[in-house]
Amino acid sequence: MTADEQATSRIVSILFTLGEQVSLKAGIEADLPRLEKEFLVNKDLFLEAFRICLTQLPTKSGVFATLTGLLNVRNAEIAKAIVDHATSILNQALQQSHLRTVKLVFRFFAECVSANVILPLQLMDLLDTLLSVTLEPDVRQERSDAFVFIVLATLPWAAAQLRERAPEHLERIITGMSSYFAIRKSRESITGLATAMDAMTMYRSTSDDPYRQVDKLELLWTQVQGMRATNWDARILVRPHELFETTLSQGLQHELPPVSVPSSLTSVKFNYQPKVWIFDDSLLSGERQVGHLPQTTDIARFILDDVATDIVRVFQLNHTEATALLLRLDTHFDLDYLADNGYIVNETVIEVIFAELLRLPKSQERFVYYATLIIDLCKERRDTVPSILGRCIRTLFSRLDSPAGLGYGMDVEGIRRLSDWFAQHLSNFGYVWKWTEWEHVLEADPNSAQFVFVRETLERCIRLSYWDRIKGVIPEVFEKHEGIFPAAPPSFSFKYESAETAGDDGLFRLVAPLSKAITQRADAEHVEDLLAKLQQYVAGQTIDIDGEPMTIDMASAEPETIAREALMQCIMLQGSKSFSHILNVMERYLPLLQKWNATSEARIHTIQIAADFWANNSQFIEIILDKLTNYRIVDPKSILNWICQPAVLDPRFSRFFLWTIVRNTLIKVNLKVAQISAKLEAAKLEAKSFSEMTGITVPTLDAAFEAAQRDKKETFITFFQKYVEIAGAKVVHFEQQGLDPTTTPWWRWVVGFFREVTRAFKDDVEQVKFTVDAVVFTPDIDPRVSQLWTEFKAASELHQDDVA
């Protein structure tokens, strides 16, 4: 580490813990001389350290503003340098559309008004600069919403001072906001925002469902109106400037350098996201009281949620630091206010982590980050966090299904993510859970979300551990319910284990040497000879088997079909010993396997054979199909066609493993394109002349890349074609039964899983959007079927990454 790096780290360390010593006032007073000295000795390094802490510590905007005010009294040039630097940070963040940084700098300036560093009118000019965007002609809603959010998110830190020192300006902002939201509401159908919100809502139900969600901007406006109704009270915030009012009054005020919003040509990203609350006792649902937090319409709830969310997102690369900051979160708010109201800040922490984990269309960070955070929190606060987590799980579980019926409730992707997380979490705590609380699920409809959640969680636990272990920790009633827990450990089913299972004695006796030959690594020619003999037998010829002439008893059997089944069953049997065995046997007989799977029908048949062989081990179905695809024995389109067959899909439409196979298949398609693209680019870089560029390697890779792209396009189009085909057929089927298809469990799960996959591969779907629009979702398609596509197109117009 260089000397400059050491100095920057030292200053960051001081700022990071500023005010966290014996008391806030004593801590700031103790560090003030040190920080002044650091500035005078290392001005640029000090300002860089200040930038790091200002943009990474959302809990300390007021502390840093108070520090700036105290430095202002001691040396006005230091405060001016800080203000100028903060303005530079703001301008850069605006140009880069980094709204979280913009928000934090605005809050810093709001607190600088309280610390007597800048005047209220300076802050008002800043707010007006952002709001001027709403007056631009034909402004894109995402652009205007982004800046309106920043203004509203600043008001809790600014309103107290503006109420006293610039009340008319504050009222002008609120009046303008009222008009803005009225127009925004009236234009929802035009802008497509309402449809986009439908695409990303966590709870799908009727209009009177208690878990109705609104986008976070609309919710924040409601919370700000509530704050206005209480005379702009934001008691939850600590006001460190109040500890130094006499001293701060002696400082000079500084002019802010010019701030400009990016031009209308700059892409301003705003994260539209329906807000999910977990601890919400205002819901009219009969749930017992589970929350110890402000009401969801209270500005204090926004402040807690926003600060905790920023910490979770900022420290995604350092879960240890994130855990420490989250556990100290309450110390950065008014402790008397929290105690008087009985609020428990750790509930916000857990709620925020789950909101991020379940965030649609995708979580911002990898699953393991949120899982690790929760584990860390539980281990660090064993006396409080586990009980909060337990209430959170039970609350979410109670909301998996809707009172409106089995066709409604939590989005199926949310259910899957929650199940995956829960199984992984249990694996870190000995799989201990009060399963008896969920015994009522055993009597529920097998297609209800609660039943599916328990079943899939237990299956996931078996994957993470082993069958006997999980059997030993669940109640006996769960163990004996085959719909919830498998009656036997995961295993395979070899059809030719005996003459009885084979269905014919001669067939059994012919497959035995085939299996032996594969086990003994016989050459492909010998295996082909055995398959030819088997085909002759199935075709009705009398074959000498072990010195005995035999004729098949089975009627109307297809010789090639039976031979393929025998071959693949024997391959599966040999590969059942370990992953290396299955890879070795596939590689050894790869040309033979590809020959026997030359048609689409043959490949679908092979997939079915593998699924039958591993019918009692869904994990191995996923793995085997993945390997078959790797070796190009089967192709992605065949897997999609297989899954979408009614005989496959209808009995298993709520099984997670089927849709994991779909996702893995599409990932493989993308991976193939990426791998060939990388090889092509490397070959072009290595080519040193035109003749090398036009030689064998580059053109060959070019052709392979074009073929891979074509396969990818065809695969994604096939995905939507199969969706329209099966959903359209179900519309007819259910309507013939007098049912509304959209209210059925089949529709909830199948359309829900298709929606999940469409979200997950948004960028890839965008590449084929116009083709899918023209070829698949034609005007004659039932609107209920095409709703998924309508939602996707509306949501794809919005940015969904972490920008605020």
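How many residues does the largest nonpolar core have, and which of them have the most contacts inside it? The core has 272 residues, and Phe109, Phe354 and Trp438 have the most contacts inside it. A nonpolar core here is a set of buried Ala, Val, Leu, Ile, Met, Phe, Trp, Tyr and Cys residues joined through side-chain atoms within 4.5 Å; buried means under 20% relative accessible area, with a 1.4 Å probe and protein chains only.

Before you click on, note that this is a predicted model, in which local features need pLDDT of at least 70 and side-chain atom pairs pLDDT 80 or more, while totals for chains, interfaces and linings use all residues. Residues are numbered from 1 along each chain as its sequence is written, and side-chain values use heavy atoms, without hydrogens and water.

Stop 1: (Helices are DSSP runs of H or I, at least four residues, numbered from the N terminus.) Next, pick Trp438: among the residues it touches are Ile393, Phe422, Trp433 and Phe478, not counting residues up to four places away in sequence. Contact means heavy atoms within 4.5 Å.

**Stop 2: a ring pair.** Keep Phe422 and Trp433 on screen. Their ring centres are 5.2 Å apart and their planes at 85 degrees, so the pair is edge-to-face. Rings of Phe, Tyr and Trp (its six-membered ring) pair if their centres lie within 6.5 Å, and planes over 60 degrees apart count as edge-to-face. Phe422 sits in helix H20 (residues 412-427), and Trp433 in the loop between H20 and helix H21 (449-464). Both residues are buried.

**Stop 3: the largest cavity.** Now select Lys216, Lys275, Asp305, Thr309 and Arg313, which lie nearest the centre of the largest cavity among its 27 lining residues. A cavity is a set of points on a 1 Å grid over the protein atoms alone where a 1.4 Å probe fits but cannot get out, and lining residues have an atom within 4 Å of a point. The space in it is about 380 Å³, the volume being that filled by probe spheres set on the points, which are joined across faces, edges and corners. Colour H14 (299-314), which gives the most to the lining, with six residues.

**Stop 4: the second largest cavity.** Finally, show Ala199, Arg759, Glu791, Phe792 and Ala795, the residues nearest its centre. This cavity has a volume of about 130 Å³, and H40 gives the most to its lining, with five residues.

Conventions
Buried < 20%, exposed > 50% of the residue type's maximum accessible area, 1.4 Å probe, protein only. 1 Å grid on protein atoms, 1.4 Å probe; cavity = no way out; pocket = protein on both sides within 12 Å on 5 of 7 lines; lining within 4 Å. Helix = DSSP H or I, 4+ residues; strand = E, 2+ residues; numbered from the N terminus. Phe/Tyr/Trp six-rings, centres within 6.5 Å; stacked < 30°, edge-to-face > 60°.
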